[in-house]
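Please look through the sequence and the model below before reading on.

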Amino acid sequence: MTHSFRIEVDQSGKIETPHLTALAYANGQQYAIVIPTRVKREVIGRLRARGLSRSQASIHVFAAALWLLLRDVIGLATDIAIDTEYIGHEASIKAELVQLAVDAGVKIAPSVIRFTQIGKKSGAHRRAIEAYRGERPADRVITLAELAGLLGKKK
């Protein structure tokens, strides 16, 4: 008998805004990460210097942030519902997230990952907004080294 392990993911503060970004998941438990503004600015600047558009750079950073949020639980999940943030780019975000998992030796079926509206009643939404507003500290603050390390090979 397989257990269903559903995760909802939400973001507060989009990657491309000049504020910190918080991402959180909930599945009974909650976990949040934040990416400080200066870390986002530096990584996006590096990606732009390699010829990526601001939009492409933001999507790569979002995919890497999803990996950093989910890496400890992604292999256990039977359903990962990610809030729709970058309409029209879901396939590339999913492909990049799956590739980051494969690179780390984690098996994940792409069919497990889907994009949908995550409502304001979701625990993931509440946890992301708490971390974004500073009402409750994030579980992890993402560093320039770890984000740049994941994105260092992006073309």
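The buried residues of helix H3 are Glu-90, Ile-93, Glu-96, Leu-97, Val-98, Leu-100 and Ala-101. Buried here means under 20% relative accessible area, exposed means over 50%, and partly exposed lies in between, with a 1.4 Å probe and protein chains only. Helices (H or I, at least four residues) and strands (E, at least two) are DSSP runs, numbered from the N terminus. This is a predicted model, in which local features need pLDDT of at least 70 and side-chain atom pairs count only at pLDDT 80 or more, while totals for chains, interfaces and linings use all residues. Residues are numbered from 1 along each chain as its sequence is written, and side-chain values use heavy atoms, with hydrogens and water left out.

What do the buried residues of H3 pack against? They pack against H2, strand S4 (79-83), strand S5 (113-116) and H5. Contact means heavy atoms within 4.5 Å. H3 itself has 14 residues, and the distance from its first C-alpha to its last is 20 Å, close to the 20 Å expected at 1.5 Å a residue. The expected span of a helix is 1.5 Å times one less than its number of residues. After H3 comes Gly-105, with a positive phi near 80°.

The next element is H2, one of the partners of H3. Two packed helices are described by the angle between their axes and the distance between the axes. For H2 and H3 (residues 90-103), the angle is about 45° and the axes are 9 Å apart. Axes are lines fitted to C-alpha atoms, for helices over the stretch in contact, and angles run from 0 to 180 degrees between N-to-C directions. H2 and H3 are therefore oblique to each other. Angles under 35 degrees count as roughly parallel, over 145 as roughly antiparallel, 65 to 115 as roughly perpendicular and the rest as oblique. H2 passes H3 in a right-handed crossing. A crossing is left-handed if the near helix is turned anticlockwise from the far one by less than a right angle, and right-handed if clockwise. On the H2 side, the residues that meet H3 include Ile-59, Phe-62, Leu-66 and Trp-67; on the H3 side, Ile-93, Leu-97 and Leu-100 are among those that meet H2.

How many of the 17 residues of H2 are buried? The number is 14, so H2 is largely enclosed by the rest of the structure. The end C-alpha atoms of H2 are 24 Å apart, which agrees with the 24 Å that its 17 residues should span at 1.5 Å a residue.

H2 also packs against H1: their axes come within 9 Å and cross at roughly 125°. That makes H1 oblique to H2. The crossing in which H1 passes H2 is right-handed. Val-43, Ile-44, Leu-47 and Arg-48 of H1 meet Arg-54, Ala-57, Ser-58, His-60 and Val-61 of H2.

Which residues of H1 are buried? They are Val-39, Lys-40, Val-43, Ile-44 and Leu-47. These residues cover an arc of only 120° around the axis, which puts them on the same side of H1. The arc is that of the directions from the helix axis to the C-beta atoms. An α-helix has 3.6 residues a turn, so residues three or four places apart point the same way. The buried residues of H1 are covered by elements that include strand S2 (21-26), S3, helix H2 (54-70) and helix H5 (144-151). The face turned away from the buried side of H1 carries the exposed residues Arg-38, Arg-41 and Ala-49.

H1 and H5 pack at an angle of about 25°, with their axes 10 Å apart. That makes H1 roughly parallel to H5. Among the residues in this contact are Val-39, Val-43 and Leu-47 of H1 and Leu-144, Leu-147 and Leu-151 of H5.

Some single residues remain. Pro-36 is in the loop between strand S3 (30-35) and helix H1 (37-49). Not counting residues up to four places away in sequence, Pro-36 touches Leu-20, Val-141 and Ile-142. Ser-12 lies in strand S1 (residues 6-12) and is buried, with a relative accessible area of 7%. Arg-133, in helix H4 (residues 123-133), is exposed, with a relative accessible area of 55%. Arg-133 and Ser-12 are 121 residues apart in sequence and 9.0 Å apart in space, C-alpha to C-alpha.
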